[in-house]
Amino acid sequence: MADLIIKNLHVSVEGTEILSGIDLTVRKGEIHALMGPNGSGKSTLSYALMGHPSYEITQGSVEFDGQDLLEMSVDERARLGLFLAFQYPQAVPGVSVTNFLRMAINAHRGVRGDGRNDDPDAPKPIKIPEFRKVLEEAMELLKVDRDLIRRYLNDGFSGGEKKRVEILQMALLNPAIAILDETDSGLDIDALRIVAEGVQKLVTERGMGALVITHYQRILNYIEPEFVHILVDGKIVASGGFDLAKRLELEGYAPVLESFGIEAPARVGAGELAGTKA
Amino acid sequence: MTATAGTVTETISAPLSSATVAQLSEAAGDTAFLAQRRTEAHAAFERAPMPTRRDEHWRFTKLRGVELSELPTVVAATDIEAARERTATSLTSAVDLAGELLHVNGVTVEESITRAADLPDGVVFSSIAQAAHDHPELFEAHFGTVVPTTDSLDDKFVDLNTASLAGGVFLYVPRNTTVELPFRADVVLTSGGAVNWRALIVLEEGAQATFVEEFLSTDADYAGLSNAVVELVAGANSRLHYVTAQDYAVPVRHFATHRVHAHRDATVDWSAVGLGASMGKTRMETHLVGAGSHVKLTGLYFVNGTQQMDYDTYQLHAAPNAYSDLLFRGVLDDKAHSVWRGMIAVAPGAQGTDAFQKNSNLILTPGAHADSIPGLKIEANDVRCTHAATITKVDPEQLFYLQARGITREEAVKEIIRGFFTDVLDRIEVEQVRDQVRVAIWDRLDA
Ligand SMILES: Nc1ncnc2c1ncn2[C@@H]1O[C@H](COP(=O)(O)OP(=O)(O)OP(=O)(O)O)[C@@H](O)[C@H]1O
Ligand SMILES: [Mg+2]
């Protein structure tokens, strides 16, 4: 099973500890929501899991698909089925979305280089007609504009366009576990529904597991997570069901945390946290 | 007298002296005009000091070991077959042509010259020697007008070129005449030789043509010298496409002066590709001598090992309302070094000038190094000039993003390089050449 099992994960950036012992298991077909105030370490967790070189793992372990994730290069993690929809997707000027998508699909097929190879058993690059077909389907599902994929990757894209293209990539790469880092912020109301339905479809039809990082209940209304976790100051301080997200939206962090017997950190007061107000 | 210039077959050894110049003049079958130009150039060469690193434009050029006096002035074109073979896999091969010419070392191979059957009347595509004999008025009216002989140290190599002339190309396109397909010249250095290359391209008023030249060598280990002078005349309202590609073996040392005179309302699209040679100096100069002329210059270089690429570009706005746009982009790997020195000069009276220059470098390793020195000298007041120089490393965030999609680090770096070159490649207007250059660079990435 391609489960993601995180145990006692500690992560530092430039010598400062940001995550202080995360325990979290995301199994295939499960949807988890991860909520938490700004700066609590949500993106740090996603970057660390994906293997960004600036994030140093100082303690703990992460198992993915039965293997030690932390031993793998970034691209190995991706090819094994881990996907991160970035909070701030990177622009790559000069590289068209279409070309990039084909490269990514071929990489996932295990194609090396440009696929020119004398070995008859070597993985073959996706054929152009097949590529067009899967791309058309995914674009249709996610209502991605045709002009967008001819442009350079994320170059000058609007916030919402970037998010849609992230999800387009997810749909094409078919990951076992996807981390969606605030994919909902920046999307308009219709796009949010389309994207959420797309995620839901991958979960129900392909058994994808998802870790949905968000500040808002809205996206969760569409994808109804079974598990909701609250991250504060680098620790998961509370976990529960969908109800927990609803309560956060209504009450704010401090009262909810208090009800768990957790004293909110001094700088965390009700309603003081950007993006957490009802 | 209409003597026919044959292919020079003698080797005349240096040092260049009055005696060898005379010998060369005879072997090359010089007309009186060429003989005189040769003698003058030799005298200027003798007077011009050898540039050193104390001289402004030669600061980065390591001339130690470049012994001009040891140059074999002309080497008989004995390796024609090897040269021909090399051109089969050139950057710009397999393009349908209006005419083709092979130049080996110092000598143009007369028998190699082909001309499309349907060339319009009055178009001349021939060796320089032949042109001097057959079309003296046309030839003499233009030869040495764009790149004249001077005794400045900056023209030392130009003078050497003129004094040692034994081949080259003359392309002449008459008034209001259009030739659609490109003309092409392959300039090939073979083992033991030295390249001396001269091109004179003349487009009369309203003419249109494309000229493609490529510098190649047959021997991967041979550290020969190459010296080129290219004179381009874009007449009033003419449209010239010019592609110059340098893909020598790495040990070669290459010096070149390319200069265009763009006359009233002429349009010039000039593309320069630099991949080979260990060092040298390439001057690329745009003289906008006519009002409303329009020049776009696109440069692309990709070097590795200990290669040094040294470009000196000059955009001279001598007339009002002219437009020049220069973009040079280079990728440097290993311990490669590039120099780009660009100057936009706007003469008094060149009002309404629109001039741009930009150089961007992508550095792949800590050992690679780029010097990028833009300059402006403006003596008119109604002008728009911009310049920019950037030196960047592969962006680790871009790399991470691509890797996060399963693309290996190695492939991701290549894709970022491809992305970096996309803009400059897209600017090359000669379509067939653009696609071939793209493929050649992509292949080099995969090598
Ligand atoms: N590369 C970095 N350099 C320095 N500090 C960093 C870096 N990355 C993260 N941090 C710090 O780590 C903390 C956690 O940041 P992170 O981006 O993980 O928060 P987040 O929970 O995703 O916040 P948000 O809800 O605003 O997206 C912050 O204090 C942040 O400033
Ligand atoms: Mg974040």
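Q: What covers the buried residues of H7(A)?
A: The cover includes strand S3 (31-35), helix H4 (128-142), helix H6 (159-173), strand S9 (177-181) and helix H8 (217-223) of chain A, where contact means heavy atoms within 4.5 Å. Among the residues of H7(A) that are buried are Leu192(A), Ile194(A), Val199(A) and Leu202(A). Helices (H or I, at least four residues) and strands (E, at least two) are DSSP runs, numbered from the N terminus. This is a predicted model, in which local features need pLDDT of at least 70 and side-chain atom pairs count only at pLDDT 80 or more, while totals for chains, interfaces and linings use all residues. Residues are numbered from 1 along each chain as its sequence is written, chains are lettered from A and ligands numbered from 1 in the order in which they are written, and side-chain values use heavy atoms, with hydrogens and water left out.

Q: What caps the N-terminal end of H7(A)?
A: Asp188(A) does, with a side-chain oxygen 3.1 Å from the backbone nitrogen of Asp190(A). Just after the helix, Gly207(A) takes a positive phi of about 70°.

Q: Why does Thr44(A) count as buried?
A: Buried means under 20% relative accessible area, exposed over 50%, and partly exposed in between (1.4 Å probe, protein chains only); Thr44(A) has 11% relative accessibility and therefore counts as buried. Thr44(A), which lies in helix H1 (residues 42-50) of chain A, touches Val11(A), Ile18(A), Leu19(A) and Tyr55(A), not counting residues up to four places away in sequence.

Q: Why is one side of strand S4 (124-127) and of strand S19 (369-378) of chain B left without a neighbour in the sheet?
A: The open sheet has nine strands in the order S4-S5-S7-S9-S11-S13-S15-S17-S19 (chain B), with mixed pairing. Strands S4 and S19 stand at its edges, each with a single partner strand, so one side of each has no neighbour there. Two strands pair if DSSP finds at least two bridges between them; nine bridges join S7 (residues 195-203) to S9 (residues 225-234) of chain B, which run parallel.

Conventions: A polar contact is a pair of N or O atoms within 3.5 Å; within protein, one must be able to donate a hydrogen and the other to accept it, and residues adjacent in sequence count only if both atoms are side-chain atoms.
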